[in-house]
Amino acid sequence: MKLRRTEKPHTAAKKASRSTEKAQDEGRRFLSRSVLVLIALVAVAFLIYSMISIISIRSQIRERKAELDDLNEQITVQEIKNADIQKLYDSTGTDSDFSTLAEQIARDDLDYIKEGERVFVNVAGD
């Protein structure tokens, strides 16, 4: 009769605990990999969002600069008109001349009329 060596109960428990530890290590590795992948995806999404935001802000800045240039041009034109009016006022020197000038500007530029006055408009466009 041959005798077989039997495993001791504590040896079997050690093997079982080793296999359990091995499975836990693999689970931790998988978890750490998935966490790293998730962090990388979040970082990439944040970078894409940042780039889109920067591009959008730059286009808004360009639009605002164009508006500012237009407004500065309008200011310059108005300052020239004001200077011309001031020169005309300084050259006339009297209030009656200035009121005549103001009336002329109101009629020509602003389309004002005197009370009781009739204005005829050529609708034919000639």
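Reader: Is Arg107 buried, partly exposed or exposed, and at what relative accessibility?

Author: The model is predicted. Buried means under 20% relative accessible area, and exposed means over 50%. Arg107 falls between these limits, so Arg107 counts as partly exposed, at a relative accessibility of 26%.

Reader: Which residue does the side chain of Arg107 meet in a salt bridge with 3.3 Å from N to O?

Author: Arg107 lies in helix 2, which covers residues 95-108. With 3.3 Å from N to O, the salt bridge joins Arg107 to Glu103.

Reader: Where does Lys114 lie, and how many residues separate Lys114 from Glu103?

Author: Glu103 also forms a salt bridge with Lys114, and their closest N and O atoms are 3.3 Å apart. This pair links distant parts of the chain. Glu103 is in helix 2, while Lys114 is in the segment after helix 2, at a separation of 11 residues.

Reader: Which residues do salt bridges with shared partners join into one network?

Author: Glu103 bridges to Arg107. Glu103 also bridges to Lys114, a partly exposed residue with a relative accessible area of 45%. Through shared partners, one network joins Glu103, Arg107, Lys114 and Glu117.

Reader: How many residues apart are Glu67 and Arg64 in helix 1?

Author: The side chains of Glu67 and Arg64 meet in a salt bridge, at 3.5 Å from N to O. Glu67 is partly exposed, with a relative accessible area of 44%. About one helical turn separates Glu67 and Arg64, because their spacing in helix 1 is 3 residues.

Reader: How many salt bridges does the count come to?

Author: The rule asks for a side-chain nitrogen of Lys or Arg within 4 Å of a carboxyl oxygen of Asp or Glu. The pair Glu67 and Arg64 meets this at 3.5 Å. By this rule, the count of salt bridges is 4.

Reader: What is the accessible area of the nonpolar surface patch with Ile39?

Author: Ile39 is part of helix 1, residues 9-92. At 51% relative accessibility, Ile39 counts as exposed, because the limit is over 50%. Leu31, Val35 and Leu36 form the patch with Ile39, and together their accessible area is about 390 Å².

Reader: What share of the 126 residues is buried?

Author: The chain has 2 helices and 0 strands. Its accessible surface is about 12200 Å², with 60% belonging to carbon and sulfur atoms. Of the 126 residues, the buried share is 2%.

Conventions: Residues numbered from 1 in each chain as written. Predicted model: local features only at pLDDT ≥ 70, side-chain atom pairs only at ≥ 80, totals over all residues. Heavy atoms only, no water. Helix = DSSP H or I, 4+ residues; strand = E, 2+ residues; numbered from the N terminus. Buried < 20%, exposed > 50% of the residue type's maximum accessible area, 1.4 Å probe, protein only. Areas by Shrake-Rupley, 256 points an atom, 1.4 Å probe, with all protein chains shown as cover. Patch = residues over 30% accessible without salt bridge, like charges linked within 9 Å, V, L, I, M, F, W, Y side chains within 5 Å.
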